Structure formats: structure tokens, C-alpha cells
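Hi,

Here is the structure I promised to pass on. Have a look at it first, and then read my notes below.

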Amino acid sequence: MEVILVENYSELSERAARIIEEQIYKSDRSILGLATGSTPLGLYEKLIEGYKRRGVSYKHIHSINLDEYLGLDKNHPGSFHTFMYENLFKDIDIPMEHIQIPDSLPSSVKEECKRYDQVIDSLGPIDLQILGIGSNGHIGFNEPGSDPNSTTHVVELAQSTRKDNAHFFGSLEEVPTHAVTMGIQSILKSRRILVLASGKRKAESVQRLLSENISENFPASHLWTHDDVTLIVDQDAYKLVSQKGSEEVAR
Ligand code: GLP
């Protein structure tokens, strides 16, 4: 795992945007794996800037999102469909038919998971997968205890995850209890993975991730089994790791 330590959130977003744009320059037909959450918001702003000011085009790009809540209309303000449209897709030239996000109201959840795996297999492998990291170490919505061999599946969200995401909804009660997510195995099939971690809230997750201890209790730790992962982390999120480093130096 390559670790890029940056000063702050703005630098993190800039570095991540450069990596995505390099991927697009390498192939304008790249398949991008996209994520939601507060962390990639700055990155998406930089990508929009790149499109508007430097003409970086998404005309031939395909995107595959990690996950979606179940039971919400896709136009609900809290859905990941809305999140992606409002924060990225409406401001770049990606064709709407190139966008893949799990259906939030499928008639059969089982069929939807199967369909999504087929989408990933037929379009993929994903060239570059963007990941945030949950405060409990989840990736996508693969909560602690997830099977490392999982493909797309339904999950019951951990209470901590619902709390973390409540700010996107009016209240905790409004956050859905279930979601569809790409599995850990589906994520690990990507050619390259870019993990973003910012802020003090992520300091513990980053410390656990960098301890290199692979465990089902900490889903992000499975990233150590992949040979092309880059973590971009800012000073606040790296705090516990650097503290430990300085303690070791002092000893
Ligand atoms: C949601 C998403 C994850 C994301 C996580 C972290 O749960 N499903 O993919 O990594 O949020 O969110 P944030 O970036 O807001 O901390």
C-alpha cells in the first residue's frame, strides 16, 4: 500500500483528482468506481473544475458506484443517486447511460444483486476504484464481520454507520436500515484502488488500517491483499499514526 500524506483536505482532494485525471489521460474509456460520503466531495469539485477549465472529458467514461440505500426513491435527497447527480454527474459530460448505481427500490433484491455483479463483470474490471473509509472500517457498505469473498449483497447497516450518515437526512430515524453494496471481493477485483481518509474522525480507522492486521472485524484491512492500493491521508487522519511514530522515536 502506497501512503501519500498530505497537509489537509484541500490537498487530499487535489491529489486524488490528479490521479483520476491521469487515469483518464491514459484511457478516455476508463471504468471508474465511485463512492459517496463527505470525503470525496472535494475531489468531485476538483473533477468538475478540471472538466470546466481544462476540458477533461467523461464522454467515454463509465462509472460504477459502490452502493445504494434500499427503500428510498432514487430522487430522495438522501439517496446516493441524488448525491452523485448533484455533486458530480450534473456538472460533467458523462452520458447518463454510462452511470451504474444499484437500484434502491428493486422488485427483487436478489435479482438486483445478481444484475449488478453482471454489470461489474461485463464493464469491468474497474480501472480505478475510489473508496472512503467508515469510522468502523467499512468500505462501501461492507460492515465489520463481512465475508471477504462477498460479491454484491444486501447489508443491514451498523448503527454507527447510520449515525455517521444521519447528517445527510433530517434525523437518524430517516436513515434507511438496509443497503445494497458491492462486496469486498468485487472491490478487490479493481485494477487500482484509491482510499481517501480525512479528519480526526478517521484517525482511529487509519491507525487500524496501517497496523496491517487483516481481520474480518475491520473490512478495510482486506485491502492489504491487493497489490495496487494508494491511501491519501491528511495530517488530522494520520494523527494517531504519527503520534505513535514520535513515541517510538522518543523511546
Ligand atoms: C458511506 C459510504 C461509504 C463511505 C462512508 C464514509 O457509508 N457507503 O462508501 O466511505 O460513507 O463517509 P464519510 O466520507 O462521510 O466519512
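**Salt bridges, ligand and one buried threonine**

R115 and E112 form a salt bridge through their side chains, at 2.8 Å from N to O; the term covers a side-chain nitrogen of Lys or Arg within 4 Å of a carboxyl oxygen of Asp or Glu. Before going further, please note that this is a predicted model, where local features need pLDDT of at least 70, side-chain atom pairs count only at pLDDT 80 or more, and totals for chains, interfaces and linings use all residues. Residues are numbered from 1 along each chain as its sequence is written, and side-chain values use heavy atoms, with hydrogens and water left out.

Back to that pair. R115 and E112 are three residues apart in helix α4, so about one helical turn separates them.

Elsewhere, salt bridges with shared partners tie E14, R18, E21, K46 and R54 into one network. Across the whole structure, the search turns up 13 salt bridges.

Helix α4, which runs over residues 109-123, also holds K114 and E111, three residues apart and about one turn of the helix from each other. Their side chains meet in a salt bridge at 3.7 Å, N to O. K114 is partly exposed at 47%, and E111 is partly exposed too, at 45%.

Then there is helix α2 (residues 41-54), where E49 and R53 sit four residues apart, so they are separated by about one helical turn. The salt bridge between their side chains is 3.8 Å, N to O. E49 is partly exposed, with 34% relative accessibility, whereas R53 is exposed at 68%.

Now the ligand. What surrounds it? There are 14 residues around the ligand, and the closest are S38, T39, D67, R201 and K202; a residue is counted if one of its heavy atoms lies within 4 Å. A backbone N or O atom of S38 is 2.7 Å from a ligand oxygen. H138 places a polar side-chain atom 3.0 Å from an oxygen atom of the ligand. For G140, a polar backbone atom lies 3.3 Å from a ligand nitrogen. Taken alone, the ligand exposes 390 Å², and the protein buries 97% of that (areas by the Shrake-Rupley method with a 1.4 Å probe; for residues, only the protein chains shown count as cover).

T161 is buried, with a relative accessible area of 1%. Its side chain makes a polar contact with the side chain of E143 at 2.7 Å; that means a pair of N or O atoms within 3.5 Å where, within protein, one must be able to donate a hydrogen and the other to accept it, and residues adjacent in sequence count only if both atoms are side-chain atoms.

Cheers

Conventions: Helix = DSSP H or I, 4+ residues; strand = E, 2+ residues; numbered from the N terminus. Buried < 20%, exposed > 50% of the residue type's maximum accessible area, 1.4 Å probe, protein only.
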